[in-house]
Amino acid sequence: MIVRVAIAGAGNVGRSIAQELIENGHQVLLIERQPRMLRPDRVPDAEWVLADACELASLEEAELADCDVVVAATGDDKVNLVVSLLAKTEFAVARVVARVNRAENEWLFTEQWGVDVAVSKPRVMAALVEEAVTVGDLVRLMTFRQGEANLVEITLPPTAPYVGRALREVPLPRDTALVAILRGKRVLLPSPDDPIEAGDELVFVCTAEAEDAVRAVVLGPDSVERTRESR
């Protein structure tokens with residue numbers, strides 16, 4: 001699934017998120033208010049706009065309402081809160097991810113300010129964008145031990161082969177552990193007798209080499225080829 005993402009702030013963090021999302025096949029709009037930071041050569045496949053993301057008119061001109069996700073990634077927490085609030089209240093953006101720069105401000109980054117997820121790590125921000133909108137594919141959330149193991153997530157579509165069946169029936173590949181099931185607002189510790197349901201978010205720790213095998217088991221044998229063709 002191709003997602004359109006607007007990122008406010010084209011500094012190192014914003015560019016890092018943009019590049020990762022583009023590499024995963026998504027469309028990215030970078031919004032930057034400082035002319036000296038407008039460097040399209042750094043992320044040439046993104047769309048660049050020179051504008052103040054805190055101004056409603058600028059966001060309307062950038063067609064923010066057409067975006068699936070907005071990422072407030074500037075180095076100023078006040079700006080990120082304003083961008084988040086405008087994105088959610090004025091443009092009804094489904095998913096707003098905001099960067100927290102100072103730990104003491106984290107309590108402000110709530111739904112009241114339009115923030116769905118507040119986070120500080122660029123890699124995690126990029127993953128959260130994809131995790132929120134990707135059903136039926138594997139999303140890498142985090143890497144451990146210099147790339148030897150990854151934390152990955154799969155949101156189950158209704159067509160997944162093991163929907164409605166107990167976890168003990170799912171033949172997970174070697175070097176793979178199911179560590180959590182996210183169901184609505186609940187976090188479930190997996191047990192062999194638990195059935196899995198459509199919409200469940202399954203969180204695994206596995207090696208990079210096992211990712212395709214996990215995808216094939218959980219989503220079906222043809223899912224690996226479908227994913228490659230869509231990117």
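**A working chat on a predicted model**

Q: Which residues of helix 5 are buried?

A: In helix 5 (residues 211-219), the buried residues are E211, V214, R215, V217, V218 and L219. Buried means under 20% relative accessible area, exposed means over 50%, and partly exposed lies in between (1.4 Å probe, protein chains only). Helices (H or I, at least four residues) and strands (E, at least two) are DSSP runs, numbered from the N terminus.

Q: And what comes just after helix 5?

A: G220 follows, with a positive phi of about 115 degrees. P221 then lies in the loop between helix 5 and helix 6 (223-230).

Q: Is P221 buried or exposed?

A: P221 is exposed, with a relative accessible area of 75%.

Q: What is the mean pLDDT?

A: The mean pLDDT of the protein is 86, and 85% of its residues reach 70 or more. Here pLDDT is the predictor's confidence in each residue, from 0 to 100. Over residues 227-231 the pLDDT is below 50, and this stretch has six contacts in the model beyond near neighbours in sequence. A contact means heavy atoms within 4.5 Å.

Q: How many helices and strands are there in the protein?

A: The protein has six helices and eleven strands. Of its 231 residues, 49% are buried.

Q: Let us turn to strand 4. Which way do its residues point?

A: Strand 4 (residues 69-72) sends V69 and V71 one way and V70 and A72 the other way, and all are buried. In a regular strand the side chains alternate between the two faces of the sheet.

Q: Which strands pair with strand 4?

A: Strand 1 (residues 4-8) pairs with strand 4 in the parallel sense over four bridges, and V5 stands opposite V69. Strand 5 (residues 95-99) also runs parallel to strand 4, joined by four bridges, and R95 is the bridge partner of V69 there. Two strands pair if DSSP finds at least two bridges between them.

Q: Which residues have the most contacts inside the largest nonpolar core?

A: They are I31, L59, L64, V70 and V83, in a core of 24 residues. Strand 1, strand 2 (27-32), strand 4, helix 3 and strand 5 each supply at least two residues of this core. Helix 3 gives the largest share, five residues. A nonpolar core is a set of buried Ala, Val, Leu, Ile, Met, Phe, Trp, Tyr and Cys residues joined through side-chain atoms within 4.5 Å. Apart from this core lies another, of 20 residues, including L178, I181, L188 and I196.

Q: What is L64 in contact with?

A: Leaving aside neighbours within four places in sequence, L64 is in contact with A6, I31, L59, V70, A87, F91 and V93.

Q: Where is A87, and is it buried or exposed?

A: A87 is in helix 3, and it is buried, with a relative accessible area of 0%. Leaving aside neighbours within four places in sequence, A87 is in contact with L64, V70, A92, V93 and V96.

Q: Why is strand 11 largely enclosed?

A: Strand 11 (residues 201-206) is largely enclosed by the rest of the structure because five of its six residues are buried. Strand 8 (residues 149-155) pairs with strand 11 in the antiparallel sense over six bridges, and N150 has C206 as its bridge partner. Strand 9 (residues 176-183) and strand 11 also pair in the antiparallel sense over six bridges, with V205 as the bridge partner of A177.

Note on methods. Residues numbered from 1 in each chain as written. Predicted model: local features only at pLDDT ≥ 70, side-chain atom pairs only at ≥ 80, totals over all residues. Heavy atoms only, no water.
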